Amino acid sequence: MIARRLPAAMALCGLLLGACTASQPSGTKSQDMMQIPLTSDIRGTNPGVNRDANTDTIMMHVLEGLVGYREDGTPDLLLADALTVSPDGKRYTFHLREGLVFHNGQPVTSREVVWSWRRYLDPKTNWTCLADFDGTRGAKIESVDAIDPLTVSFTLDRPQPLFLTLMAAISCGGGAVLHPDSVAADGSWREPISTGPYRISSWVRGRYIDMTAFAGYRPLEGEPDGNVRGKTPYERHLRWLIIRDASSRLAALVKGQVDVMPEVPAAEMLQLRRMKDIRIVAAPMLGSYGILVQDRNPLLADLRLREAIAYSIDRRTLARLVTEDTADANPSIVASASPFGVSADTAEALFDPARARALLKAAGYRGQPIVLTTNRRYPAMFNQALLVQAMARQVGLNIKIEVLEWATQMDRWRSGDFQLLSFGFSAKADAAQSYESILGDRDASPGKTWGDPEARRLLAESMMTADMAERRKILSKLHSEMLHDVPFIGLFSPADTNAIRDGVTGFRSWQFGRARFWGVRRNGTPAS
């Protein structure tokens, strides 16, 4: 029984699922707009710059690139209707769909594609994904050229089998094609003028973000498929309300003040399951939750101490408690739902309290405090931190919890200023992208916790072959190396769990965990 094995964890679990402090949204819900709660405000509107999961969700409704992800995570054409790849795999030529226009009414041509991508490739833009295209992590885009008004070519310095997957990355803004008026004359960012089904009409920081359906939008025909097809904006207006407290979001849903509650915390699942006018929609995600381990800290530089922390954690029990049985235990940074994921059964073998105690004794550990940093914005990150603390205590580890505001925790992550960090990585289409979250040049990217040269070689190798069997072999070895070095302690793969009010149709959970509101309508919303 869990209660006999982990009494401290169970006691903490009762506490961490408790009180709420934020106020509920006031006023009556407007009938001419769909309303959705966000756990916190977005960080900006510049694609792939100063972003987080909420920012990605918002911007996915506004931005579109040459390619996007299908429902299964594979890339497909979006703003382009044809693609030719040269025999040597180094030249990608896209033909744009005819008749596309930007939010400002201007036509989409190859010139804007060239302008957008040259801007992304300029280090001054601070684009999150620059390293995927400048030769740092694989192929380098040597040139982006307009062949004619509707044809554009990308020339690489070497073949890159994952080129389209990388271009479509949601965390990068999907390589959005922008109109140059998105920036001011001095190059500073103004607003996103792109081609998506919605445009941002108002952003009152800390309160709400309003969106209006783009009248000039031309969705790709066909059944809804990822962020590529069937993106009809049935609802003319969307309002994203900033409601930080989970109980307040739930109260707003129950009262009909919001129509959908994305990212349902485990604490609210039991109550929601009993409600007749609300249903749960869920799907496995390609993200991962776990603990980042900073081995540049003098105490954690000892591998035995890092191993002891990892062996002290009962991942299966933690996943069950934190996610209300909606997620699988997972010791990898690659999601269980990925074709390259590991079996949940492997997590069981990695729980070994006796071995953890022996390692601590061999390391001469004498109870020095180890700080585990977390936040309250994401309940799963907070809850998993408390359970890790309780489980580690059972083997003699003295872990102290530090709770920060989310923005502050993000800054600490980027600077590498932590010992242990409770964290969750957004969904990645490919396993190599998941490893890139922690592996790389640590001097250039202090937030990375793994810089082993052999691991970096394996990662680069995995990105240069499209053969599934060969990639599986390489990535399996990379997983073993990660377990040995302990730069990250994988805990579980989350599910995209959403609560939907009766009368809302067309909403689907997604393995990328991004709430999508094209193709969604309420009863009474007229068909477009």
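Counting a disulfide as a pair of cysteine sulfur atoms within 2.5 Å, the total here comes to one. The model is predicted, so local features need pLDDT of at least 70 and side-chain atom pairs count only at pLDDT 80 or more, while totals for chains, interfaces and linings use all residues. Residues are numbered from 1 along each chain as its sequence is written, and side-chain values use heavy atoms, with hydrogens and water left out.

The disulfide joins cysteine 129 to cysteine 172, with the sulfur atoms 1.7 Å apart. It ties together distant parts of the chain, 43 residues apart: cysteine 129 sits in the loop between α4 (110-120) and β6 (141-148), and cysteine 172 in the loop between α5 (163-167) and β8 (198-204). Helices (H or I, at least four residues) and strands (E, at least two) are DSSP runs, numbered from the N terminus. The link is left-handed, at -80° about the S-S bond. Both cysteine 129 and cysteine 172 are buried, meaning under 20% relative accessible area (1.4 Å probe, protein chains only).

Turning to the helices, α8 (residues 303-311) packs against α11 (residues 353-363) at about 160°, the axes being 8 Å apart. Axes are lines fitted to C-alpha atoms over the stretch in contact, and angles run from 0 to 180 degrees between N-to-C directions. That angle makes α8 roughly antiparallel to α11 (over 145 degrees). Contact (heavy atoms within 4.5 Å) involves Arg304, Leu305, Glu307, Ala308 and Tyr311 of α8, and on α11 a set including Pro353, Arg355, Leu359 and Ala363.

Conventions:
Buried < 20%, exposed > 50% of the residue type's maximum accessible area, 1.4 Å probe, protein only. Parallel < 35°, antiparallel > 145°, perpendicular 65-115°, else oblique.
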